[in-house]
Amino acid sequence: MQNGDEKRMQWVDHMIRIRDHQDQAAFAALFDHFAPRVKGFLMKSGSDASLAEEVAQEVMATCWHKANMFDPARASVATWIFTIARNRKIDVLRKQRRPEPEDLAWGPEEEPDQADVMALQQESEQLGQAIAELPAAQRELIEQAYFGDLSHSEIAAKTGLPLGTIKSRIRLALERLRHAMK
Amino acid sequence: MEQKITHHLTDDILMAYAAGTLPEAFNLMVATHVSLCDTCRAAVESYDALGGEVLEQTPGNDISLTPGSFAATMALIAGGAPDTIHTAPRARDAVLPQPLQDYVGGGVDTIRWRPVGMGVKQAILPASKDASARLLYIPAGAAMPDHGHHGTEMTMVLQGAFQDEDDYFARGDVEIADSDLHHTPVADIHEDCICLAVTDAPLRFQGVLPKIAQRFARI
């Protein structure tokens, strides 16, 4: 079993190879891992298998096309693919628009600091482990919040997940970026 | 940086926004608030992270892809990015953040207000049927008509300020009301107040408009 942190950094590396070199082998590895998960996620969200397959393919294609938008200091690859899948789900399954927040104008793009990337990816791994270690009933509560239209109220309080650290890290990054803008 | 926002969206709402399970009008509220509020933006991104882990832990082994799935995806990729028609960012508006400008079709000057009585005006925004979104214009110092609520109502200040019995709400602040609350917000005296209001139930204005007029005003 591969170390979780290493694996996450490897996914990040794959994304960068797709972005910089249109690397098909890297994409194939991402596809093998994530495409079935996206399909499963959509099926649990109420889609039939053939629509879920179609949407999963679109999500993975978007993952390729928008590779330059991926910021590994702010999201894990799983998170980034999740947001693409969620947006397609709203679009295709619910036939609604999804208003997005205003983009922050952060000036010229630059490579994120490697230490920030590592830290965010490690925290994502911690979050993943925390979810995996939850009692089944609590884990299902969270899954249902993301799969379907069930109530979300008790989750944060009941589970005590380390969301706070990710939240404060993102907050810090936003503050730093805003500061750099001045 | 804007003045400090003191009334935020709840974690429930932010999480549901990340999960993609809110009605469109509520999504518009979140997107608008998050455009002004770093605290809630960070919270949304952390709930995105939670969604990422849920996806990561969705069993992939027992889901089989259609044969030729990878080749089909590569063909999609070869076909080029589908939606490269990115809408150019609109000019910044002092009142309406980007997501609201998209729904209004422009800045604050392009809002098509309709009077609803007592100097109050509204503009209903297009959204899916499960909840409604509208902009409200309340003259400085004027009281909003007293209204009760059936469902959840969220009101966010875009210009000016208002206060109710308990609190003061300035630009970016969101007041969240549920069915128990009967309140009488009053717009701050210094400036006409513009708000975004979303609700998942029709409002009952009490005493100001007769039932029939309510139907015409869609409130």
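# A tour of chains A and B

Start by selecting helix α1 (residues 4–21) and helix α5 (residues 114–132) of chain A: the two pack at an angle of about 125°, and their axes lie 9 Å apart. Helices here are DSSP runs of H or I with at least four residues, strands are E runs of at least two, and both are numbered from the N terminus. Axes are lines fitted to C-alpha atoms, for helices over the stretch in contact, with angles from 0 to 180 degrees between N-to-C directions. α1(A) and α5(A) are therefore oblique to each other; angles under 35 degrees count as roughly parallel, over 145 as roughly antiparallel, 65 to 115 as roughly perpendicular and the rest as oblique.

This is a predicted model, in which local features need pLDDT of at least 70, side-chain atom pairs count only at pLDDT 80 or more, and totals for chains, interfaces and linings use all residues. Residues are numbered from 1 along each chain as its sequence is written, while chains are lettered from A and ligands numbered from 1 in the order in which they are written.

Show the side chains where the two helices touch. G4(A), D5(A), R8(A), M9(A) and V12(A) of α1(A) meet V117(A), Q121(A), Q122(A), S124(A) and E125(A) of α5(A); a contact requires C-beta atoms, placed from the backbone, within 7 Å. By class this contact holds three nonpolar, four polar and three charged residues. Ala, Val, Leu, Ile, Met, Phe, Trp, Tyr, Cys and Pro count as nonpolar, Asp, Glu, Lys and Arg as charged, and the others, Gly among them, as polar.

## Between the chains

Next, display both chains. On chain B, 49 residues are in contact with 55 residues of chain A. Elements giving two or more residues to this side of chain B are α1 (11–19), α2 (24–36), α3 (38–57), α4 (69–78) and α5 (98–104) of chain B. The largest share, 17 residues, comes from α3(B). The side of chain B that touches chain A has 23 nonpolar, 16 polar and ten charged residues. The model's scores are ipTM 0.85 and pTM 0.85.

## Helices of chain B

Select α1(B) and α2(B), whose axes come within 10 Å and cross at roughly 105°. That makes α1(B) roughly perpendicular to α2(B). I13(B), L14(B) and Y17(B) of α1(B) make the contact with F26(B), N27(B) and V30(B) of α2(B). Five of the contact residues are nonpolar, one is polar and none is charged.

## Strands of chain B

Move to β1 (residues 114–117) and β2 (residues 120–125) of chain B, an antiparallel pair with three bridges; strands pair if DSSP finds at least two bridges between them. P115(B) stands opposite K121(B) in β2(B). Two residues separate β1(B) and β2(B) in a hairpin, and M118(B) in the turn has a positive phi of about 60°.

Then find the open sheet of three strands, ordered β7-β6-β9 (chain B) with antiparallel pairing.

## Confidence

Finally, colour chain B by pLDDT, the predictor's confidence in each residue from 0 to 100. Chain B averages 84, and 82% of its residues score at least 70. Among its elements, β11 (residues 204–205) has the lowest mean pLDDT (50) and α2(B) the highest (96). Over residues 205–212 of chain B the pLDDT is below 50. Where pLDDT is low, the predicted coordinates should not be read in detail.
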